[in-house]
Amino acid sequence: MLDINELVTTYGAVRALDKVSLSIEPGSITAILGANGAGKTTLLRTISGLVPARSGKVTWDGEDLTGLAADKIARRGLSHVPEGSGVIAELTVEENLRLGALWRRDRADRELALKEVCELFPPLAERIEKPASTLSGGERQMLAIGRALMSRPKLLLLDEPSLGLAPMITAQIMRVLRDLRADTGLTVLLVEQNARSALSIADRGFVLSLGRVVATGEASTLLADDQLRHAYLGF
């Protein structure tokens with residue numbers, strides 16, 4: 001479904017991604033792991049069109065996305081939840097959610113999507129008319145993910161969804177992702193520094209270091225590799 005071939009992204013003279021190649025299978029959860037500065041966030045931003053690639057190719061469902069504008073990529077079924085959630089504090093929970101489906105014409109399905117998101121995240125349903133500024137950190141992350149789901153994505157790009165959250169909230173969000181994959185076939189590309197948490201729900205993982213892929217494999221294999229964990233994953 002998603003193929004990345006020899007992708008290079010630079011910031012000035014710095015190569016944030018250095019010939020990264022990987023493939024993501026449909027209906028899978030894939031973890032992108034590594035330390036700060038490894039290139040994880042840049043990878044998601046390049047896939048979603050927020051940062052231009054210097055060279056290489058991003059292919060989605062057989063179509064070359066390289067060079068397309070971010071809004072055109074989103075309309076092809078890719079939803080990106082950036083690090084730090086990025087909800088609009090002045091808008092209500094409902095208004096934030098509806099922004100995720102703003103470009104979709106099927107009004108009835110927009111209403112159904114809103115209902116489904118509220119069922120996935122009950123705290124949002126309880127605060128549907130409240131400003132997003134009143135939400136806790138965990139609830140804001142739920143809101144950011146819910147807003148992305150309103151567009152009915154085929155691929156969900158998640159950047160550090162556990163950042164700053166309590167372990168119990170992190171586990172809840174991971175369960176939702178796992179259930180979504182099982183129930184809807186949603187494909188998830190999950191960037192995480194919390195490698196143990198990400199690998200607990202992932203099918204496969206890729207480890208980045210200084211912009212390069214240094215390891216790949218089944219999630220259980222990466223978890224069991226003590227040398228790899230100590231060198232790159234911090235546990």
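**Salt bridges, a buried helix and a surface patch**

Arg-98 is partly exposed, with a relative accessible area of 28%, where buried means under 20% relative accessible area, exposed over 50%, and partly exposed in between (1.4 Å probe, protein chains only). The structure is a predicted model, in which local features need pLDDT of at least 70 and side-chain atom pairs count only at pLDDT 80 or more, while totals for chains, interfaces and linings use all residues. Residues are numbered from 1 along each chain as its sequence is written, and side-chain values use heavy atoms, with hydrogens and water left out.

The side chain of Arg-98 meets that of Glu-111 in a salt bridge (2.8 Å, N to O), a term for a side-chain nitrogen of Lys or Arg within 4 Å of a carboxyl oxygen of Asp or Glu. Because Glu-111 lies in helix α4 and Arg-98 in helix α3, the pair ties together parts that are 13 residues apart in sequence; helices (H or I, at least four residues) and strands (E, at least two) are DSSP runs, numbered from the N terminus. Glu-111 is also partly exposed, at 34% relative accessibility. In the whole structure, 13 salt bridges are found, and a network of them links Arg-104, Asp-109, Glu-116 and Arg-152.

A further salt bridge joins the side chains of Asp-203 and Arg-181 (2.6 Å, N to O). Asp-203 lies in the loop between α8 (195-201) and β9 (204-209) and Arg-181 in helix α7, so this pair ties together parts that are 22 residues apart in sequence. Asp-203 is partly exposed, with a relative accessible area of 29%, whereas Arg-181 counts as buried at 18%.

Helix α6 (residues 137-149) has 13 residues and reaches 19 Å from its first C-alpha to its last, close to the expected 18 Å, a span taken as 1.5 Å times one less than the number of residues. Of these 13 residues, 11 are buried, so the helix is largely enclosed by the rest of the structure. The cover over the buried residues includes β6 (78-81), α3, α4, α5 (122-126), β7 (155-159) and α7 (167-184). One of the buried residues is Glu-139, with a relative accessible area of 12%, and its side chain meets that of Arg-127 in a salt bridge (3.4 Å, N to O).

Asp-18, placed in strand β2 (residues 14-24), likewise counts as buried, at 12% relative accessibility. By contrast, Leu-102 is exposed, with a relative accessible area of 65%, and lies in the loop between α3 (93-99) and α4 (107-120).

Notes
Contact = heavy atoms within 4.5 Å.
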